[in-house]
Amino acid sequence: MGLLGAVFSIVNALVLPILGPGTMLLYPAYASIQAMERPSHRDSKQWLSYWILYSFISLFEITFLVFLQWFPLWGLIKLLVHLWLVLPVFNGATFVYENYMRDYRKLNGLLNDLRKMIPGEGF
């Protein structure tokens with residue numbers, strides 16, 4: 001198995017089960033509660049964006065779990081992505097929202113406007 005395999009086994013068995021929930025759920029929940037109590041909306045945007053991305057990542061993982069089980073680094077990659085999304089140094093969730101999700105929202109608004117222009121459409 002080698003040294004690298006032993007290190008990955010230890011990380012998967014000991015580190016990920018401890019850091020994963022703390023990074024992906026506990027700290028974001030705490031920070032979301034703190035953001036709700038502050039008058040600034042900047043933190044709220046970060047944490048709302050995070051929870052939306054968290055739900056997309058969870059749906060992706062549930063859908064493709066059969067394939068992801070064959071990829072030994074998935075847990076570590078997921079942890080690193082969540083760290084990037086969560087840590088205030090990076091503000092990754094806000095970055096993803098402003099650069100990708102906002103464009104989708106504009107497209108969705110345009111599609112809704114087009115639907116209203118079509119006569120006889122009930123949606």
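# Close-up views of a predicted model

**Figure 1. A salt bridge joins Arg-38 and Asp-43.** The side chains of these two residues, Arg-38 and Asp-43, approach to 2.7 Å, N to O. A salt bridge is here a side-chain nitrogen of Lys or Arg within 4 Å of a carboxyl oxygen of Asp or Glu. Side chains of opposite charge can pair when their charged atoms come close. Arg-38 counts as partly exposed because its relative accessibility is 42%, and Asp-43 is likewise partly exposed, at 21%. In these legends, buried means under 20% relative accessible area, exposed means over 50%, and partly exposed lies in between (1.4 Å probe, protein chains only). The model is predicted, so local features need pLDDT of at least 70 and side-chain atom pairs count only at pLDDT 80 or more, while totals for chains, interfaces and linings use all residues. Residues are numbered from 1 along each chain as its sequence is written, and side-chain values use heavy atoms, with hydrogens and water left out.

**Figure 2. Lys-45 and Glu-98 form a salt bridge.** The closest N and O atoms of this pair are 3.1 Å apart. Helices are DSSP runs (H or I, at least four residues) numbered from the N terminus. Glu-98 is partly exposed, with 36% relative accessibility, and Lys-45 is partly exposed at 27%.

**Figure 3. Glu-61 and Lys-78 form a salt bridge.** Their closest N and O atoms are 2.8 Å apart. The pair links distant parts of the chain, with Lys-78 in helix 4 and Glu-61 in helix 2, 17 residues apart. Both Lys-78 and Glu-61 are buried. The count of salt bridges in the model comes to three.

**Figure 4. The largest pocket has a volume of about 250 Å³.** Among the 14 lining residues, Asp-43, Gln-46, Trp-47, Pro-88 and Asn-91 are the closest to its centre. Helix 1 (2-37) and helix 2 (42-63) are the elements that give two or more residues to the lining, and helix 2 provides the largest share, five residues. The lining divides into six nonpolar, four polar and four charged residues. Nonpolar covers Ala, Val, Leu, Ile, Met, Phe, Trp, Tyr, Cys and Pro; charged covers Asp, Glu, Lys and Arg; the others, Gly among them, are polar. On a 1 Å grid over the protein atoms alone, a pocket is an open set of points where a 1.4 Å probe fits, with protein on both sides within 12 Å along at least five of seven lines, and lining residues have an atom within 4 Å of a point. The volume is the space filled by probe spheres set on the points.

**Figure 5. Asn-91 has a positive phi of about 50° although it is not a glycine.** Asn-91 is placed in the loop between helix 4 and helix 5. At 24% relative accessibility, Asn-91 is partly exposed.

**Figure 6. Trp-84, Leu-87, Val-89, Phe-90, Phe-95 and Tyr-100 form a nonpolar surface patch.** Together they have about 640 Å² of accessible area, computed by the Shrake-Rupley method with a 1.4 Å probe. Such a patch joins nonpolar side chains (Val, Leu, Ile, Met, Phe, Trp, Tyr) within 5 Å, from residues with over 30% relative accessible area and no salt bridge. Val-89 is in the loop between helix 4 (74-86) and helix 5 (92-117), and counts as exposed because its relative accessibility is 73%.

Definitions and conventions: Patches are made of residues with over 30% relative accessible area and no salt bridge: like charges are joined within 9 Å, nonpolar side chains (Val, Leu, Ile, Met, Phe, Trp, Tyr) within 5 Å.
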